Amino acid sequence: MKFAISYPTPFNGTDPDRLVSFARHAEQCGFEALYVQDHIALYPGANYGAGELPPTLPYFDPLDCLSFVAAATQRLLLGTGVLLLPYRHPVVLAKRLATIDTLSKGRMRLLTVGLGALPGEAQAMGVDFRTRGRRADEAIDVLRLLWSGGPDGVDHHGEFFAFDKLCSYPKPFGTTDLPIHVGGSSRAAARRAGLRGDGYFAGGILDEDERDLQIDLARKAAVEAGRDPAALEYTRWESAELTVDRAGRLAEHGVTRIVVNVTAATADEQHDQMSALAERFGLPRDIRPV
């Protein structure tokens with residue numbers, strides 16, 4: 001089981017010193033990665049199904065935020081949970097992700113993409129809310145095509161994106177591909193993960209039967225696509241109060257990574273929560289000075 005940590009700017013605020021201190025402490029505690037969330041713009045009345053989002057919530061741009069974190073850490077992997085893919089042009093995104101991965105020496109490896117649930121956000125970005133799933137599917141294909149392409153360029157003519165003999169450099173650090181996980185809480189998201197993703201990051205408030213059905217659906221979709229279902233990673237959210245018994249039950253359901261939310265009010269208390277969880281699970285502490 002791998003353990004990562006989430007840094008929610010809507011809850012923690014935008015103080016850069018607090019973010020750096022949090023990330024460095026997570027690294028010292030032995031967490032694999034730091035995840036950040038994404039919204040491009042909110043509006044009064046924005047409701048994603050679980051409640052209304054106050055329009056003043058301060059969401060950082062996740063990729064800019066992760067670049068900042070990478071510069072202040074040494075080994076912490078960088079994750080999004082989730083990046084709203086339909087609202088980013090994949091030609092620009094391919095360049096940004098490869099840049100972060102190169103500058104961080106290969107740490108932009110836990111990109112998780114999702115569709116978004118706010119129609120007003122889609123409208124503001126000029127995206128038809130009803131077609132955002134197909135747009136995301138095509139964007140994933142375009143990202144991989146651009147990273148794998150050589151100096152002669154690559155061609156693509158799809159429903160949403162088109163280009164001829166296009167070259168995208170630099171490539172990701174030491175590779176021509178980056179892992180792309182798919183996040184969501186629907187069966188469509190699970191199937192997308194199996195068909196195109198390197199992992200499924202399950203969200204939402206669902207019972208274990210539905211979650212089991214979804215990860216099984218993802219693996220079956222991987223088989224249909226000629227991909228290895230055993231290579232599909234399975235990520236879930238959990239709280240900082242996670243017990244060893246609970247983690248064991250999640251492992252029995254096939255979970256391979258847990259992203260932890262720390263909910264204490266102050267930075268010091270959050271650090272204590274991270275330290276306690278790391279000790280509980282015997283995470284390998286990083287004793288290098290930061």
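**Pocket**

I began with the largest pocket: 38 residues line it, and Tyr-48, Gly-81, Gly-203, Gly-204 and Trp-237 lie nearest its centre. The elements giving two or more residues to this lining are α1 (9-12), α6 (132-148), β8 (180-184), α7 and β9 (199-202). I noted that helices (H or I, at least four residues) and strands (E, at least two) are DSSP runs, numbered from the N terminus. Of these contributors, α7 gives the most, with 3 residues.

The space in the largest pocket comes to about 1,300 Å³. Its lining divides into 19 nonpolar, 16 polar and 3 charged residues. Here Ala, Val, Leu, Ile, Met, Phe, Trp, Tyr, Cys and Pro count as nonpolar, Asp, Glu, Lys and Arg as charged, and the others, Gly among them, as polar.

**Ground rules**

I reminded myself that this is a predicted model, in which local features need pLDDT of at least 70 and side-chain atom pairs count only at pLDDT 80 or more, while totals for chains, interfaces and linings use all residues. Residues are numbered from 1 along each chain as its sequence is written, and side-chain values use heavy atoms, with hydrogens and water left out.

For the spaces, I worked on a 1 Å grid over the protein atoms alone: a cavity is a set of points where a 1.4 Å probe fits but cannot get out, a pocket is an open set with protein on both sides within 12 Å along at least five of seven lines, and lining residues have an atom within 4 Å of a point. Grid points are joined across faces, edges and corners, and a volume is the space filled by probe spheres set on the points.

**Cavity**

How many cavities of 30 Å³ or more does a search of the whole structure find? I found 1, and the largest cavity holds about 40 Å³. Its lining is Leu-85, Val-113, Gly-114, Leu-115, Ala-136, Val-182, Gly-183 and Arg-192. Both β5 (111-114) and β8 supply at least two of the lining residues.

**Arg-192**

I then followed Arg-192 from the cavity lining to its place in helix α7 (residues 187-196). Is Arg-192 buried or exposed? Arg-192 counts as buried because its relative accessible area is 13%, and buried means under 20% (exposed is over 50%, partly exposed in between; 1.4 Å probe, protein chains only).

The side chains of Arg-192 and Asp-137 are joined by a polar contact of 2.5 Å. A polar contact is a pair of N or O atoms within 3.5 Å; within protein, one must be able to donate a hydrogen and the other to accept it, and residues adjacent in sequence count only if both atoms are side-chain atoms.
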